[in-house]
Amino acid sequence: MFPLRFTVLLKGSEDDECWVSIVVDGQPPVEAILTAPQEKSIQANKEVIVKAGNIGALDVFFNGKNPGRLGDHGTVRTLTFHPDGLQASPTEQLRRVPCAR
């Protein structure tokens, strides 16, 4: 059986640029600066890690679907995608766990 492939599409925004570092399935990182109309389509089997230097200037799609706004302009954010979609960051996971009192 072939592994399940998925696609992450990064599109530059018209109002700003975004530096990205992309790691696909454990390979060495690829860096780029994206502005409109530039885009980068990434196919992977296991994992895509995107570090974005200005997440608000980047439109992100997973298998053709936009997960919504991922941060403000000027915000640095690391996004991790697996075949089942965008994974919660450790900070987001911690926020979901109720604190014991």
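This is a predicted model: local features need pLDDT of at least 70, side-chain atom pairs count only at pLDDT 80 or more; totals for chains, interfaces and linings use all residues.

Author: The questions below go from the overall fold to particular side chains.

Reader: Among contacts between residues at least 6 apart in sequence, what percentage join residues at least 24 apart?
Author: One example of a pairing between distant parts of the chain is that of Phe6 in strand β1 with Phe62 in strand β6, which are 56 residues apart. Taking the contacts in the chain between residues at least 6 apart, the share that joins residues at least 24 apart is 58%.

Reader: Which residues of the largest nonpolar core touch the most other members?
Author: Of the 101 residues of the chain, 31% count as buried, and the largest nonpolar core has 21 residues. Strands β1, β2, β3, β4, β5, β6 and β7 each supply at least two residues of this core. Val48, for example, touches Phe6, Val8, Ile22, Val23, Ile42, Leu79, Thr80 and Phe81, leaving aside residues up to four places away in sequence. The members that touch the most others are Val8, Leu10, Val20, Val48, Leu58, Val60 and Phe81.

Reader: Is the ring pair of Phe62 and Phe81 stacked or tilted?
Author: The structure holds 2 aromatic pairs, and in one of them the rings of Phe6 and Phe62 have centres 5.6 Å apart and planes at 40°, so that pair is tilted. For Phe62 and Phe81, the ring centres lie 5.9 Å apart with the planes at 5°, and planes under 30 degrees apart count as stacked.

Reader: Which residues form one aromatic cluster, and is Phe81 buried or exposed?
Author: The cluster is formed by Phe6, Phe62 and Phe81. Phe6 and Phe62 are both buried, Phe62 having a relative accessibility of 14%. Since buried means under 20%, the relative accessible area of 0% makes Phe81 buried.

Reader: How many Å separate the backbone nitrogen of Gly74 from a polar atom of the side chain of Asn54?
Author: Asn54 is placed in the loop between β5 and β6, yet at 9% relative accessibility Asn54 counts as buried. Leaving aside residues up to four places away in sequence, Asn54 touches Asp16, Glu17, Cys18, Asp72, His73, Gly74 and Thr75. From a polar atom of the Asn54 side chain to the backbone nitrogen of Gly74, the distance is 2.5 Å.

Reader: With which residue does Arg69 form a salt bridge?
Author: Side chains of opposite charge can pair when their charged atoms come close. A search of the whole structure finds 1 salt bridge. The closest N and O atoms of the bridge are 2.2 Å apart, and the partner of Arg69 is Asp72.

Definitions and conventions: Residues are numbered from 1 along each chain as its sequence is written. Side-chain values use heavy atoms; hydrogens and water are left out. A salt bridge is a side-chain nitrogen of Lys or Arg within 4 Å of a carboxyl oxygen of Asp or Glu. Helices (H or I, at least four residues) and strands (E, at least two) are DSSP runs, numbered from the N terminus. Buried means under 20% relative accessible area, exposed over 50%, partly exposed in between (1.4 Å probe, protein chains only). A polar contact is a pair of N or O atoms within 3.5 Å; within protein, one must be able to donate a hydrogen and the other to accept it, and residues adjacent in sequence count only if both atoms are side-chain atoms. Contact means heavy atoms within 4.5 Å. Rings of Phe, Tyr and Trp (its six-membered ring) pair if their centres lie within 6.5 Å; planes under 30 degrees apart count as stacked, over 60 as edge-to-face and the rest as tilted. A nonpolar core is a set of buried Ala, Val, Leu, Ile, Met, Phe, Trp, Tyr and Cys residues joined through side-chain atoms within 4.5 Å.
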